[in-house]
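Colleague: Could you take me through this model and tell me what stands behind each label you put on it?

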Amino acid sequence: MLGRLEPLDTGVQIPYHFRCPISLELMRDPVTVNTGQTYDRASIESWVSTGNTTCPVTRLQLSDFNLIPNHTLRRLIQDWCVANRSFGVERIPTPKQPAEPALVRTLLAQSSSDSIPPQSRLAALRRLRGLARDSDKNRLIISAYNARDTLLSIVFSDSDELTHESLALLVMFPLAESDSAAIASQPDKIAFLASLLSHSSIEVRVNSAALIEIVVAGTRSLALRAIIGQTDGILEGITRILSNPLAYPRAIKIGIKALFALCLVKQNRQKAVSAGAVEAMIDRLADFEKSDAERALATVELLCRIPEGCAAISGHALTVPLLVKIILKISDRATEYAAGALLTLCSASEELQREAVGAGLLTQLLLLVQSGCTERAKRKAQLLLKLVRESWPDDSISNSDDFGCTDVHRF
């Protein structure tokens, strides 16, 4: 390998010492271990994370796992990239270095100290949030120093600015089950989060909804989850978040996650319907990304299981055409939830059966039962086919615009 040059697809040759000995790819963030060997950071971190404790090249035992950035080599690689840009080689960006543990400890101490001016505490929290945004590794380092305990104490006991900044940082980390249960069992804290759902700042509203979702998802007690959903302003505030413009995709994502988590508890569903959750979801269903659409459809199916939810969903003019249209377009999970919702709706009303058949349900169901979707989705489709049999027009297949072929191919 010594002194050899390997050709790239572009026709340019890459110096061997610019390649990571593990991946054999051009190094983007070269780091040196205590044996003196240099590797790409992602490769050596992956090597160590799988349980290896030796240097891949020398096979010597690694006495520690500190990775020292090789700035000189990285600059040489960047210069080489620039020199060969005519061959289509792109310059590697300068990587952001992981946060220093000592710095994290200092910032956490500053942010929680009552003897430090509020503006200095705020600056420390903002610096921590910037580090947390940079990488997963930074979040692991911050989390390792009991950041959650520090941030929880600030969220529920300090001034507005400190509360809002610590809340924005806290929602980047999962909570322990004990932390979730502790918050859920204190009505004053839940009421405080509910009040933040009416704040003038959309960021504060969304972060409050995010923490509510984390707490609900992390609490095993159905009784406590029901109490959260029944707290004045919770479901109303979360539903309003779903009505934000599409320019705020995080708001919509957090809103549907929180709504779904709350509606998993039956006692919360009627209040969700009263809060306008049905209209908020159906109006946005076509705009949701895949994971959001899955949660929205799952929530629709849950709300169909109570009379008030079924009435509200069937009363929305877009519901049936939308469910029929997207039944095979998003994912297997989405297909299952859409079929389940349609089965409930059509079981409740012959008029909805006719509407669904008129919207092309027969075609979709025939495709569905012959597709590679889940067995549960197929069972729901078969039940739907049996249910709407009386609503089929005699020429429903031959005249269908969507079913103009004799063979149905598996997806």
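**Labels and cut-offs**

Modeller: The protein is divided into domain 1 (16–87), domain 2 (98–170), domain 3 (175–316) and domain 4 (318–391), with bounds that come from an automatic or database domain assignment. The model is predicted, so to speak of local features we need pLDDT of at least 70, side-chain atom pairs count only at pLDDT 80 or more, and totals for chains, interfaces and linings use all residues. Residues are numbered from 1 along each chain as its sequence is written, and side-chain values use heavy atoms, with hydrogens and water left out.

Colleague: What separates the centres of domain 2 and domain 4?

Modeller: Taken over C-alpha atoms, 49 Å lies between those two centres.

Colleague: Why is Leu24 called partly exposed?

Modeller: Buried means under 20% relative accessible area, exposed means over 50%, and partly exposed is in between (1.4 Å probe, protein chains only). Leu24 has 44% relative accessibility, so it counts as partly exposed. Leu24 is found in the loop between strand S2 (13–15) and strand S3 (30–32). Helices here (H or I, at least four residues) and strands (E, at least two) are DSSP runs, numbered from the N terminus. Leu24 also has a positive phi of about 65°, although it is not a glycine.

Colleague: What makes Asn146 exposed?

Modeller: Its relative accessibility is 51%, so Asn146 counts as exposed. Asn146 is in the loop between H5 and H6, and has a positive phi of about 55° without being a glycine. Most residues other than glycine have a negative phi.

Colleague: And why is Arg105 called partly exposed?

Modeller: Arg105 has a relative accessible area of 43%, so it is partly exposed. Arg105 has its place in helix H3 (residues 101–112). The C-alpha atoms of Arg105 and Leu342 are separated by 54 Å, and the two are 237 residues apart along the chain.

Colleague: How do you know that helix H18 (residues 319–326) is largely enclosed?

Modeller: Six of the eight residues of H18 are buried, so the helix is largely enclosed by the rest of the structure. The buried ones are Thr319, Val320, Leu322, Leu323, Val324 and Ile326. Their cover includes helix H15 (277–284), helix H16 (290–303), helix H17 (307–315), helix H19 (332–348), helix H20 (350–358) and helix H21 (361–369).

Colleague: What makes helix H7 (residues 160–170) mostly covered?

Modeller: Nine of the 11 residues of H7 are buried. Among them are Leu162, Thr163, His164 and Glu165. What covers the buried residues of H7 includes helix H4 (118–134), helix H6 (147–155), helix H9 (187–196) and H10.

Colleague: What is it that makes a set of residues a nonpolar core?

Modeller: The members are buried Ala, Val, Leu, Ile, Met, Phe, Trp, Tyr and Cys residues joined through side-chain atoms within 4.5 Å. The largest such core has 106 residues, of which Ile238 and Leu259 touch the most other members. Helix H10 (residues 202–218) gives the most to this core, with 10 residues. A second, separate core of 19 residues includes Ile14, Tyr39, Trp47 and Trp80.

Colleague: Which residues are in contact with Ile238, leaving aside its neighbours within four places in sequence?

Modeller: Ile238 is in contact (heavy atoms within 4.5 Å) with Leu197, Ala209, Ile212, Gly255, Ala258, Leu259 and Leu262.

Colleague: What makes a set of grid points a pocket?

Modeller: On a 1 Å grid over the protein atoms alone, where a 1.4 Å probe fits, a pocket is an open set with protein on both sides within 12 Å along at least five of seven lines, and lining residues have an atom within 4 Å of a point. About 470 Å³ of space lies in the largest pocket. Of its 19 lining residues, the closest to its centre are Arg41, Phe65, Asn66, Leu67 and Lys137. H1 supplies the largest share of this lining, four residues.

Colleague: How many of the residues lining the largest pocket are nonpolar, polar and charged?

Modeller: That lining divides into 12 nonpolar, two polar and five charged residues. Ala, Val, Leu, Ile, Met, Phe, Trp, Tyr, Cys and Pro count as nonpolar, Asp, Glu, Lys and Arg as charged, and the others, Gly among them, as polar. Domain 1 (16–87) and domain 2 (98–170) each give the lining of the largest pocket at least three residues.

Note on methods: Points joined across faces, edges and corners; volume = space filled by probe spheres on them.
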